[in-house]
Each structure stands twice: as structure tokens, then as C-alpha cells.
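Welcome! Here is a short briefing to read with the structure open beside you. Take your time and look for each feature as you go.

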Amino acid sequence: MHYKNLILFFVLLLITNCVAPNQSSKISKISIKELYSNKGFTLVYEDKLFQDKIISKKLDNRSYLIFNRNLKKNANVKITNLINGKSIIAKNHSNNVNFPLFYNSVISQRISNDIEISINEPYIEIQLIENNSSFVAKKTKTFDEEKNVAEKAPVDGITISDLNQSKNLKKETEKKKISFSIKIADFFYRGSAEEMIKRIKNETKISNYKIITISETKFRVILGPFNDIKTLEDSYIKATVLNFDNLEILRNE
């Protein structure tokens with residue numbers, strides 16, 4: 001009887017040791033939160049866009065504020081101009097604002113001026129920064145000082161270009177041979193990516209799609225490439241029916 005109890009004890013100990021690492025692994029994976037990032041076109045705010053009801057809320061053009069649908073209010077973000085690499089820290093002023101779906105954000109003219117956004121190609125990346133990040137802490141004093149200066153300084157007017165009708169953008173795109181693709185999502189399994197392709201076929205009128213193998217465990221579904229902004233925008237709007245919150249626009253050269 002004594003030996004049976006001893007054997008049972010060791011069996012239970014072995015089972016406990018086998019299960020514990022897996023449980024620990026699951027907890028670790030759940031607790032690791034991937035920070036939001038998105039590449040796409042931004043819309044530079046001006047009052048006329050609000051007056052014409054293209055944007056549903058006003059934005060202070062002397063501020064370091066943006067509108068983004070997917071981030072919490074007052075979230076700290078890094079805005080990078082992907083054409084020249086210049087970046088700045090800003091805050092998401094609201095996620096409850098209506099503006100055209102094609103754009104990933106609305107930014108103030110102050111931000112646009114600081115990172116030298118091109119009206120012909122306002123291509124940016126938005127990256128969420130944790131509030132307790134030392135990077136944000138180091139920038140806080142600087143931005144408070146900049147805010148005081150910005151409130152007193154005039155803002156140079158920026159004309160918003162209609163991306164659908166911009167002849168300059170078309171000429172520039174043709175000259176540089178730049179194209180864009182729409183990233184739907186990355187998948188761990190190729191089968192999942194193929195299921196997404198089926199959804200695109202069945203639920204949209206988009207015909208330009210493919211799967212790109214990034215690695216053995218990363219399969220990317222993209223639409224495109226597109227050589228002009230109008231076709232890109234049309235396909236982007238059609239893709240929103242797939243209900244992916246983080247569609248991205250990727251620049252190909």
C-alpha cells in the first residue's frame with residue numbers, strides 16, 4: 001500500500017511539471033500586447049473640410065493632435081512621414097470622428113509642417129507608444145515648450161489636394177514608378193490565407209489579390225499592386241467590407 005501511494009505521488013508530480021510550463025507559456029503570450037501601427041495616407045486638417053462635413057469635428061491646427069479611429073483618446077503616437085523619414089510625437093484627440101475611410105488619420109497642419117508632409121503623397125506610419133514609455137517621458141517637456149510657441153505662431157496654410165484628381169501625383173507616380181498594395185492581414189497558416197482569398201472573391205468585386213510568403217509561419221494577403229491613387233482608393237473602400245480594422249497601404253518601389 002505504501003508503494004502504491006508513493007508511485008501515485010510521483011505520477012502526480014510528473015503531470016504537474018508537464019502542465020505548468022504550458023500554462024506559463026499561455027499566460028506569457030496573452031500578456032504580451034502587440035502595439036498598434038498602421039501605414040497609410042493621412043488627411044491634413046483645414047476648416048473647409050469641417051464646413052463641408054468631410055470631417056465631423058474641428059481640430060486645432062496649432063496643436064500636436066490627430067484623429068484616428070482605432071486608438072483610444074489621448075493615446076500617445078509617433079507619426080512618421082514615410083517619404084522623408086521625419087517623425088514627431090502626437091496625441092489622438094478622438095476616435096469618434098467621421099472622415100473618409102481611405103485615410104488612416106487626420107493630422108493638424110502643425111504636424112504636417114513639422115514633418116514636411118507632401119500634399120501629393122501624404123504617406124505616413126502611425127505607431128502607438130505606451131504611456132509609461134521613457135521615450136514619451138523625455139519628450140513631454142519639449143512638447144510643452146513647443147506647444148506654447150505653436151499657440152503664438154502663425155500656421156502656414158496648406159492646400160488639401162484631391163487625391164482622386166491630382167494630375168501632379170499621377171505625373172510624380174509615373175516618373176518614380178511607384179505603386180501601392182493593400183495589406184489585408186498576415187496569417188500563421190497558409191490555409192488561413194487561402195480562406196481569406198476565398199472571402200475576397202465571394203464578398204468583394206476585387207480581382208487583383210495574392211498571397212506572399214514572408215516566412216514559414218507568416219503568409220500575407222495583399223491587394224494590388226496599384227499604379228494610381230484612384231484605383232487604390234476604390235479597392236481600399238471595397239476591402240472595408242471584410243471588416244479588418246487595420247488595413248494598411250504599402251508603398252512599392
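Predicted model: local features only at pLDDT ≥ 70, side-chain atom pairs only at ≥ 80, totals over all residues.

**Aromatic rings**

- Searching the whole structure turns up seven aromatic pairs.
- One of them is stacked: Phe-41 and Phe-102 are 5.5 Å apart from centre to centre, with 25 degrees between their planes.
- Because Phe-41 belongs to strand β1 (residues 37-44) and Phe-102 to the loop between β4 and β5 (103-107), this pair ties together parts that lie 61 residues apart in sequence.
- Phe-102 has a relative accessibility of 1%, so it counts as buried.
- Phe-102 also pairs with Tyr-103, this time edge-to-face, at 5.5 Å centre to centre and 70 degrees between the planes.
- Phe-41 is buried too, because its relative accessibility is 1%, and the cut-off for buried is under 20%.
- Which residues do ring pairs link into a cluster? They are Phe-41, Phe-102, Tyr-103, Tyr-123, Phe-180 and Tyr-236.

**A charge over a ring**

- Arg-69 places its charged end over the ring of Phe-99, 3.8 Å from the ring's centre.

**The barrel**

- Six strands close into a barrel with mixed pairing, in the order β1-β5-β2-β4-β3-β6.
- On average, neighbouring strands of this sheet are turned by 45 degrees against each other, ignoring direction.
- Strands β2 (residues 65-67) and β4 (residues 87-94) run parallel and are joined by three bridges.
- Opposite Leu-65 you will find Lys-91 in β4.

Note on methods: Residues numbered from 1 in each chain as written. Heavy atoms only, no water. Pairing = 2+ DSSP bridges. Helix = DSSP H or I, 4+ residues; strand = E, 2+ residues; numbered from the N terminus. Axes fitted to C-alpha atoms, helices over the stretch in contact; angles between N-to-C directions. Phe/Tyr/Trp six-rings, centres within 6.5 Å; stacked < 30°, edge-to-face > 60°. Buried < 20%, exposed > 50% of the residue type's maximum accessible area, 1.4 Å probe, protein only. Lys NZ or Arg CZ within 6 Å of the ring centre and 35° of its normal.
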